Amino acid sequence: MVRMTIEQYLPHHPFLAGLDEDALALLARCATLVHFAPGEYLFREGEPADAFYVLRTGRVALETRLGTGSQVLDTADADDPGDGVVGWSWLVPPYRWTFDARAVSETSAVSFDGVCLRARCEEDPVLGYALMRRVVGVMSTRLHSARVRLLDLYGGRP
Amino acid sequence: MDTRILTTDGLQALVDALHARGFEVMGPVVRDGAIAFGRVRALTDLPAGWGDEQEPGRYRLHRRDDPLLFAFAAGVQSAKPLFFPAQEVLWRVRAGDGEASPTVELTPVAVTAGEAPVAVLGVRSCDLAAIGIQDTVLLRRTYGDAAYALRREGTFVVAVTCSHPADTCFCVSMGTGPRPGAGPGPAAPYDLAMTEVSDELGHRFVVEVGSDRGADLLAELVARGVDAAEARPADRVAADRVVAEATARMGRRLDTDGLKELLYAAAESPVWDEVASRCLACGNCTQVCPTCFCTDVRDVTDLTGGLVERERVWDSCFDAEYSYIHGGSVRASTRSRYRQWLTHKLAAWEDQFGMSGCVGCGRCITWCPAAIDLTAEVAALRDEGGRA
Amino acid sequence: MVPRRFRVASTRRDNHDTLTVQLEPCEGGPLAFAAGQFTMLQVFGVGEVPISISGDPRGSGPLQHTIRDVGSVSHALAFAAPGQVLGVRGPYGTGWEVADGKGGDVVLVAGGIGLAPLRPALLEICAERDDYERVSLLYGARTPSDVLFADDLRSWAEDHRITVEVIVDRGEAGWTGRIGLVTQLIGKVAFGADQRLALVCGPEVMMRHSAVALVARGVEPQRVRLSMERNMKCGVGLCGHCQLRELFLCLDGPVLPFDRLEPLMSRAEL
């Protein structure tokens, strides 16, 4: 892969596509590149939600701990169209993770500092709105998925 | 053979001739306070001097002060059960010892074994049209109904002009009467069609020929010296008058203009909710309808489990089980079932078979315990559609 | 309406509630059928149900039906002993006509037991794989242990250049695959050709959502084909049970194009 700076990479990710150069430059200042080996946790339930992950490669599972072990609730894939991101608790008080996130495969991501992102959004409502619209899009997709799966269609409902 | 005039004696001779040809003659008879199909050996079996009153949810017979044989409207059932019984065995399986036996013998049941061919006397115009519809539905298909085909084959049909339509009748709207084979609607071929006339020239039947078999039978009567004179202009005028008077007395009307489009567009109409608040989903309308053809099948086993009969029985789209698929019924609400019945009958039928599924006999109105009237429901949908 | 007699040759368990029954005719030749067609399958004395054929339409092997054990008749069918004689009527209904996809891309979208009716179409594609461009199978299951035909899925992917994506509603320990809805996968299908054909089989809600997503990806509505389920009793359009407005789904369907179905699927309880 050709080496790119974060600033060069960001416009290529479908989640951020369409943001203007100035906005991307602002966001890049909050970003670092991170890498997770399979099985490694991106974050754990209850910890401060201080990051937002834009997946470049790999798959991340959202899990919750049951009395009898962990249950995978959802997965996010780098190649999910218009998706491929993990975590919105950084945007919602009290800024704590509600689930565990674990890399299922070799995963690399751009990690945005949550505090930094919130500050940029507060300063620049246009950027904040643009970002919010994208996050709401992800939330809507995931909520739709959760609702339809609640129907347990393959369990036998017509 | 030209149009002929039969007296009551001539009609008896016709019945006798049908018997002589091996037919079981079925015609209208009074039974349990209603007019139903039954065996006819003599004209005295027919409902001479009986008339009927029909209105939504009500049916009564009453005595008339004339000797007319066919002075009533649609009876409790059409001719449908004669060809399409409410229950019949399709095939049976005899297993050697228990259901897992590899010696399963499968026998299709010969439906007509022991059954004489039927001559139906006094099929009124709406029911004649219904036979034509059933022929289309059950015979002119990718896979026809073999049992129905065997029963219909060789049936002799003597139709009759409906001279005394009821308050619930609307055959004129559907183009199926009151004269047999009249109008643009579908009509089954009849062998003979008669109009009962009683005026200053006497009580008689103006008989028209619809088939070679019919002509042949009439010719046989003439050859045997039965009084069957050629119809005079006065007889034709008298028959036309019977038709005109019946047309004028039609109790109801149904506006069929653009009906398919109206019903398809009305799928979400609140009218269905309103009907559903009254409809008991009892299925009476489907049981008396001369064109409803839905059936269910069930396996009936003897006590040893060695004999299994596959029975076919009439079913109704008002039954909750009717649309059951694993997980539940597709049409769980009465609203959706009434919509299915009416939309199928008056709209989808056109797409399926190129004709309406309703002949305007009014039985679904008469026999509805909640007095639901499909002509009123269609009018309500039309009003509602006009407001929208 | 009189069934043919078939004998149970063997039964294969596919998962905790689904089995594939292999049948041999008691007399006469094998049953010729088209991919997507169904038969009326019966246990004498118990009853009769419509089941899609899941075997190879070109093969002369046993007649295969993949049956989910969910009712009294399907239970009796799924657990019929080898040697037991069952009744078979059919085959009935319309097929997938997958050959219409030759020269272009084909997407197959399966939900749950819906993979079984699609299996004959996949086998047909595999037999003439070079006649098709890109072929994708998107398969949604309830849990990893519900996944059907694991050997086939591997073979289709490895031996026949079919992109196989499996997604489940709920994960289990050790599952590293995707979790979510099969419709999510439609967005990432890699199309190579302009001509596209989509075959969809599963619960009605899943088919409706899938069809909309496929149309959004540029598949023409008349080339999105769905296999509809209704209460089929006779299989030949005479008993009335399977009507969807003007359609007799046993005769006009079960496989129908989305442009025909769309107005009918958008109304509840039709």
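How many residues of chain A are in contact with chain C, and how many of chain C with chain A?

1. Basis. This is a predicted model, in which local features need pLDDT of at least 70 and side-chain atom pairs count only at pLDDT 80 or more, while totals for chains, interfaces and linings use all residues. Residues are numbered from 1 along each chain as its sequence is written, chains are lettered from A and ligands numbered from 1 in the order in which they are written, and side-chain values use heavy atoms, with hydrogens and water left out.

2. Extent of the interface. On chain A 21 residues are in contact with 23 residues of chain C (contact: heavy atoms within 4.5 Å). About 2,100 Å² is buried between the two chains, and carbon and sulfur atoms give 56% of this (buried area: the accessible area, with a 1.4 Å probe, that two parts lose on being put together, summed over both). Arg149(A), Leu153(A) and Tyr154(A) supply 33% of the area that chain A buries against chain C, more than any other three residues.

3. Chains A and C share six salt bridges (a side-chain nitrogen of Lys or Arg within 4 Å of a carboxyl oxygen of Asp or Glu). Asp77(A) pairs with Arg178(C) in a salt bridge, with the closest N and O atoms 3.1 Å apart. Strand E5 (69-77) and helix H4 (125-150) of chain A are the elements that give two or more residues to the side of chain A that touches chain C (helices, H or I with at least four residues, and strands, E with at least two, are DSSP runs numbered from the N terminus). The largest share of that side, six residues, comes from E5(A). Its residues divide into seven nonpolar, six polar and eight charged (Ala, Val, Leu, Ile, Met, Phe, Trp, Tyr, Cys and Pro count as nonpolar, Asp, Glu, Lys and Arg as charged, the others, Gly among them, as polar).

4. Over all chains the structure holds 59 salt bridges. In one of them, Asp80(A) meets Lys188(C) at 2.4 Å, N to O. Asp80(A) lies in the loop between E5 and strand E6 (85-86) of chain A, and Lys188(C) in the loop between helix H4 (182-186) and strand E11 (196-201) of chain C, so the pair joins two chains.
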